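Here is a briefing on one protein model. Please look over the sequence and the coordinates before reading on.

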Amino acid sequence: MAVTQQEIENRLWDAADELRVAMPEAQYSSVVFPLMFWKYLSDTWEHHHQEFLDENDLDSLSAEEAREIEYRDYQLFEIPSIYPGTVAERRASWSSILATITQPGLGQRVRASLQAIETANPDKFSRIFGSMTWTSEEALSGEVLAAVMQAMDRTPKMHEGNMSHDVLGGAYEYLLKRFSDGSGTRAGQFFTPREVVELLVEILDPKGHESVYDPTCGSGGMLIASANLLKAHGGRGYTLKLYGQEAVPDTAGVARMNLFMHNLTQFQVEVGDTLKDPRFKKPDGSVAQFDVILANPPYSLKWKSWTNDPRALGGVAPQSSADWAFVQHMIASMDPKRGRAGVVLPHGVLFRGGQEAAIRQRVLDDDLLEAVIGLPANLFYSTTIPTAILVFRAASTKAPERKDGVLFIDASTRFAKAKNRNILTDADIADVVAAYHSNFADGNPAGPDGGLVARFVPVTEIVANGYDLHIDRYIKQAAAEQEDLGSLIDAYNLARVERQKTEQRMLAVLAEAGIEGFDE
């Protein structure tokens with residue numbers, strides 16, 4: 001019987017909840033995700049191993065022949081033996097270690113197993129389990145670790161014969177959201193709300209076989225959403241080539257596990273500071289270029305400014321805020337023929353002065369900015385401030401009606417209230433995407449329609465405003481002026497009708513009094 005989404009989610013949360021006596025909820029992910037992924041790998045390996053045993057006559061094969069056939073035709077990765085050739089030798093699988101759960105040194109055996117899997121599969125799982133500091137007795141007692149593993153073992157077998165990758169990936173995302181809901185600002189380091197990700201991906205619209213790059217990939221949600229959207233639109237999500245860079249090693253491990261459990265294998269996630277040490281480069285040393293670049297970087301991050309970097313289009317962002325430096329990196333990473341980029345940032349990038357203003361001017365002069373989309377406040381786990389999506393394209397790839405200008409969309413009032421934050425509904429997302437694809441070439445605001453207003457603004461108007469991109473300057477004032485004119489016309493029409501009625505009554509009274517020939 002297939003495992004339901006609700007069943008696996010409930011049992012995995014029960015396992016995570018065993019950690020409540022040992023650590024705050026914000027730290028659950030560092031333990032639960034490696035254990036969950038280890039169980040998934042072990043269950044999958046054992047499932048295929050049984051298939052191999054059922055379909056082959058081992059008596060007719062040597063050990064070397066059997067191994068060659070199994071890893072050629074059945075297995076996608078190896079679960080090796082730990083301490084091979086010793087009395088302590090046992091396979092580095094979940095079930096093998098679970099059988100020793102009452103013995104001292106459980107954390108040490110778990111760590112040795114995870115390290116053995118990484119070593120045996122360097123191309124797939126190098127450093128995937130992170131620092132594994134939680135395996136020490138000082139960080140997590142053997143009793144609590146045993147309780148977590150026993151609770152997780154009540155989860156049905158995690159392999160493709162028992163549950164789909166959609167269920168498995170959905171369970172992983174469920175845990176990400178639960179951990180984020182309960183962990184306060186720390187969650188923002190690796191989790192962007194799903195609906196914000198969906199909106200950004202819908203706008204950038206990845207196509208089959210394209211490359212997708214997230215320079216601050218966190219848990220990999222934007223990369224996965226790109227594949228999911230392509231699949232939802234009838235394409236093959238697995239054809240996307242996915243690339244990510246993440247500064248925190250443990251979080252990069254979460255991203256790799258997340259991608260793998262979604263059955264996405266064409267990915268490369270690197271560890272490092274994207275601004276200081278971009279890991280994806282061309283042979284000549286310049287940054288690699290991609291079809292789709294999307295990111296939700298850390299806001300107003302203090303950083304060590306570039307001294308001589310070709311990415312510094314229009315100048316160098318101030319040390320007090322790396323917001324525009326991330327934008328410059330993304331622009332440099334756009335493929336010149338097909339590239340487009342979308343980034344979520346605070347509103348300050350639209351109007352702050354100094355070095356940021358100089359960069360903003362160059363970006364606008366080069367006609368690289370396609371759209372500014374104002375989002376509601378309190379959408380994120382890490383901040384309540386309102387944010388905006390900025391969409392970039394090379395001027396040569398812009399549609400004719402989008403050249404020499406910027407499309408502004410104000411969606412700041414489009415949200416539903418949830419328990420801890422505001423959320424974008426499916427209707428909100430659909431309306432914003434529809435507005436993005438609409439043509440507002442006449443320069444007049446479209447709307448307001450259900451709280452959504454859009455306007456295409458020629459760059460000459462932006463230049464006249466000192467390259468200020470503040471959304472209110474272009475939408476709310478213009479919309480208010482349009483609304484005032486409409487109100488005046490409505491009021492005039494009502495007054496005209498009332499005047500005509502009054503005239504008719506007056507003429508009737510005059511006629512009754514015998515006064516004729518009255519001429520206005």
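The model is predicted. Its largest nonpolar core counts 149 residues. A search of the whole structure returns 23 aromatic pairs.

**Nonpolar core**

- Within the largest nonpolar core, Leu35 and Phe392 touch the most other members.
- Helix H2, residues 28-55, gives this core its largest share, 11 residues.
- In soluble globular proteins, nonpolar side chains tend to be buried together.
- Beyond residues up to four places away in sequence, Phe392 touches Trp324, Val327, Ile331, Met334, Arg340, Ala341, Val343, Val363, Leu368, Leu369 and Glu370.

**Aromatic pairs and clusters**

- The search gives 23 aromatic pairs across the whole structure. One of them is Tyr28 with Phe179, an edge-to-face pair at 6.1 Å centre to centre and 90° between the planes.
- This pair links distant parts of the chain. Tyr28 belongs to helix H2 and Phe179 to helix H8 (residues 165-181), 151 residues apart.
- Both Tyr28 and Phe179 are buried.
- Phe179 also pairs with Phe33. The ring centres are 5.5 Å apart and the planes stand at 70°; over 60 degrees counts as edge-to-face, so this pair is edge-to-face.
- Phe33 lies in H2 and Phe179 in H8, 146 residues apart, and this pair too links distant parts of the chain.
- Phe33 is buried, as is Phe179.
- One aromatic cluster is made up of Phe37, Tyr40, Phe77, Phe125, Phe129 and Phe260.

**Charges over rings**

- Arg178 places its charged end over the ring of Trp13, 3.7 Å from the ring centre.
- Arg402 lies over the face of Tyr436, with 5.2 Å to the ring centre.

**Helix H13**

- Which residues of helix H13 (residues 355-365) are buried? They are Glu356, Ile359, Arg360, Val363 and Leu364.
- These residues span an arc of only 135° around the axis, so they are on the same side of H13.
- The cover over the buried residues of H13 includes helix H12 (323-332), strand S8 (369-374), strand S9 (387-393), strand S10 (405-410) and H15.
- Asp367 follows H13 and has a positive phi, near 55°.

**Tyr467**

- Tyr467 sits in the loop between helix H15 (459-464) and helix H16 (471-474).
- Is Tyr467 buried or exposed? Its relative accessible area is 12%, and under 20% counts as buried, so Tyr467 is buried.
- Neighbours within four places in sequence aside, Tyr467 is in contact with Leu350, Arg360, Gln361, Leu364, Asp365 and Ile462.
- One of these contacts is polar: the side chains of Tyr467 and Asp365 meet at 2.7 Å.
- Tyr467 and Ser286 are 181 residues apart in sequence and 29 Å apart in space, C-alpha to C-alpha.

**Asn422**

- Asn422 is part of strand S12 (residues 422-423).
- Asn422 counts as buried because its relative accessibility is 7%, under the 20% limit.
- A polar atom of the Asn422 side chain lies 2.8 Å from the backbone oxygen of Ala377.
- Not counting residues up to four places away in sequence, Asn422 touches Glu195, Ala377, Asn378, Leu379, Phe415, Ala416 and Lys417.

**Loop residues and positive phi**

- Most residues other than glycine have a negative phi.
- Ser300 has a positive phi, near 50°, and is not a glycine.
- Ser300 is located in the loop between strand S6 (292-295) and H12. Its relative accessibility of 34% falls between 20% and 50%, so Ser300 counts as partly exposed.
- Asp404 is not a glycine either, yet its phi is positive, about 55°. Asp404 lies in the loop between S9 and S10.
- Val248 is in the loop between strand S4 (241-246) and helix H11 (249-261).
- Val248 has 37% relative accessibility and therefore counts as partly exposed.
- Val248 and Gly272 are 24 residues apart in sequence and 7.4 Å apart in space, C-alpha to C-alpha.

Notes:
Residues are numbered from 1 along each chain as its sequence is written. This is a predicted model: local features need pLDDT of at least 70, side-chain atom pairs count only at pLDDT 80 or more; totals for chains, interfaces and linings use all residues. Side-chain values use heavy atoms; hydrogens and water are left out. Helices (H or I, at least four residues) and strands (E, at least two) are DSSP runs, numbered from the N terminus. Buried means under 20% relative accessible area, exposed over 50%, partly exposed in between (1.4 Å probe, protein chains only). Contact means heavy atoms within 4.5 Å. A polar contact is a pair of N or O atoms within 3.5 Å; within protein, one must be able to donate a hydrogen and the other to accept it, and residues adjacent in sequence count only if both atoms are side-chain atoms. A nonpolar core is a set of buried Ala, Val, Leu, Ile, Met, Phe, Trp, Tyr and Cys residues joined through side-chain atoms within 4.5 Å. Rings of Phe, Tyr and Trp (its six-membered ring) pair if their centres lie within 6.5 Å; planes under 30 degrees apart count as stacked, over 60 as edge-to-face and the rest as tilted. A charge sits over a ring if NZ of Lys or CZ of Arg is within 6 Å of the ring centre and within 35 degrees of the ring normal. The arc is that of the directions from the helix axis to the C-beta atoms.
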